[in-house]
Amino acid sequence: MEDLDWPSVPLGLLGEARPWRTFRWFKGQQHYSGTYWSATVGDHVIYESRLELGRLLFADFAPEVRHIVAQPFLLKVDIDGKVRKHIPDYLLLTDDGPVVVDVKPQHRLEKPEVAFTFAWTREAVTSRGWQYEVWSEPDPHVLENIRFLAGYRRDWLFDAELVGTLRAVDLDGMSLGDAFRLRPECSPPLVKSAVLHLLWSGHMTTALDRPLSAGHVLRRTA
């Protein structure tokens, strides 16, 4: 790699960047594109495939992720006299520093052109002291559970007094079913949704590698 054209803007401004490229919807298109309302961002974030949507869900659920930028910048490098270009899929601003993410199905990772692009992208990103991640298909149970919990991500939809009461309870070691019955004087659906909102928001955690059930045990987050 002979030359790298990095964005010269500060990281704070890069966090406010609009997507470098956008997309169009058209009949017969190969990719499933759209927008996802992110609780982390407080706004919509674009995705260009169902796999990218999956990565968005994981990022939105992760407590260490503070901001998400789609299609954040264009990388250009000079390799053996030829200019190579690449737009990563996401930039995640986390407690541990920036993470640049490329999303690609597992079966395409061994394609020479894909492997080559990701190799020089990794070198470019890590040379800046940032992290680089190539993300493929996740555990299907974990994805399905996070997708389900994302339905409870909008905090303004929940009764603040009820949520505050549940937060004050020691839920560590309690089953989901028992947590759903903590406020018998309240409407059961409201209590259930508030508990699931606390699970989404990271107040507590539980095993997500199998379908959620009333028997799932809740654990206090560190």
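Is Asp80 buried or exposed? Asp80 is exposed, because its relative accessible area is 70% and the exposed class begins over 50%. The legends below describe close-up views of a predicted model.

**View 1. The whole chain, for orientation.** The predicted model contains seven helices and eleven strands. Of the 222 residues in the protein, 44% are buried. The protein exposes about 12300 Å², and carbon and sulfur atoms supply 52% of that area. Among contacts with a separation of 6 or more, 63% are between residues 24 or more positions apart.

View 2. Strand 2 covers residues 34–38 and strand 3 covers residues 43–47. The two strands run antiparallel and are joined by five bridges. Tyr36 stands opposite Val45 in strand 3. Four residues lie between the strands of this hairpin, and Gly42 in the turn has a positive phi of about 75°. Strand 2 is mostly covered, with four of its five residues buried.

**View 3. The largest nonpolar core and a separate core.** In soluble globular proteins, nonpolar side chains tend to be buried together. The largest nonpolar core here has 46 residues. Tyr36, Ile68, Tyr90, Leu92 and Val195 are those with the most contacts inside this core. Helix 7 (residues 188–200) gives the largest share of the core, seven residues.

**View 4. The surroundings of Leu92.** Leu92 is one of the residues with the most contacts inside the largest nonpolar core. Leaving aside residues up to four places away in sequence, Leu92 touches Arg55, Ala59, Val65, His67 and Ile68, as well as Gly97, Pro98, Val99 and Val101. Ile68 is also listed among the residues with the most contacts inside that core.

**View 5. The second largest pocket.** This pocket holds about 370 Å³ of space. Its lining has 22 residues, of which Ala39, Arg153, Asp155, Trp200 and Ser201 are the closest to the centre. At least two lining residues come from each of helix 2 (50–61), strand 4 (65–70), helix 5 (160–167) and helix 7. Helix 5 supplies the largest share of the lining, three residues.

**View 6. Tyr32 in its loop.** Tyr32 is found in the loop between helix 1 (11–14) and strand 2. Tyr32 counts as partly exposed because its relative accessible area is 41%, which falls between the limits of 20% and 50%. Beyond residues up to four places away in sequence, Tyr32 touches Tyr47, Glu48, Ser49 and Arg50. The C-alpha atoms of Tyr32 and Glu52 are separated by 9.4 Å, and these residues are 20 residues apart along the chain.

**View 7. Two loop residues with positive phi.** Gln71 is found in the loop between strand 4 and strand 5 (75–79). Gln71 is not a glycine, yet has a positive phi of about 45°. Gln71 has 1% relative accessibility and therefore counts as buried, the limit being under 20%. Asp80 lies in the loop between strand 5 and strand 6 (82–86). The phi of Asp80 is near 55°, again a positive value in a residue other than glycine. Whereas Gln71 is buried, Asp80 is exposed.

Technical notes: Residues are numbered from 1 along each chain as its sequence is written. This is a predicted model: local features need pLDDT of at least 70, side-chain atom pairs count only at pLDDT 80 or more; totals for chains, interfaces and linings use all residues. Side-chain values use heavy atoms; hydrogens and water are left out. Buried means under 20% relative accessible area, exposed over 50%, partly exposed in between (1.4 Å probe, protein chains only). Two strands pair if DSSP finds at least two bridges between them. A nonpolar core is a set of buried Ala, Val, Leu, Ile, Met, Phe, Trp, Tyr and Cys residues joined through side-chain atoms within 4.5 Å. Contact means heavy atoms within 4.5 Å. Accessible areas come from the Shrake-Rupley method with a 1.4 Å probe; for residues, only the protein chains shown count as cover. On a 1 Å grid over the protein atoms alone, a cavity is a set of points where a 1.4 Å probe fits but cannot get out, and a pocket is an open set with protein on both sides within 12 Å along at least five of seven lines; lining residues have an atom within 4 Å of a point. Grid points are joined across faces, edges and corners, and a volume is the space filled by probe spheres set on the points.
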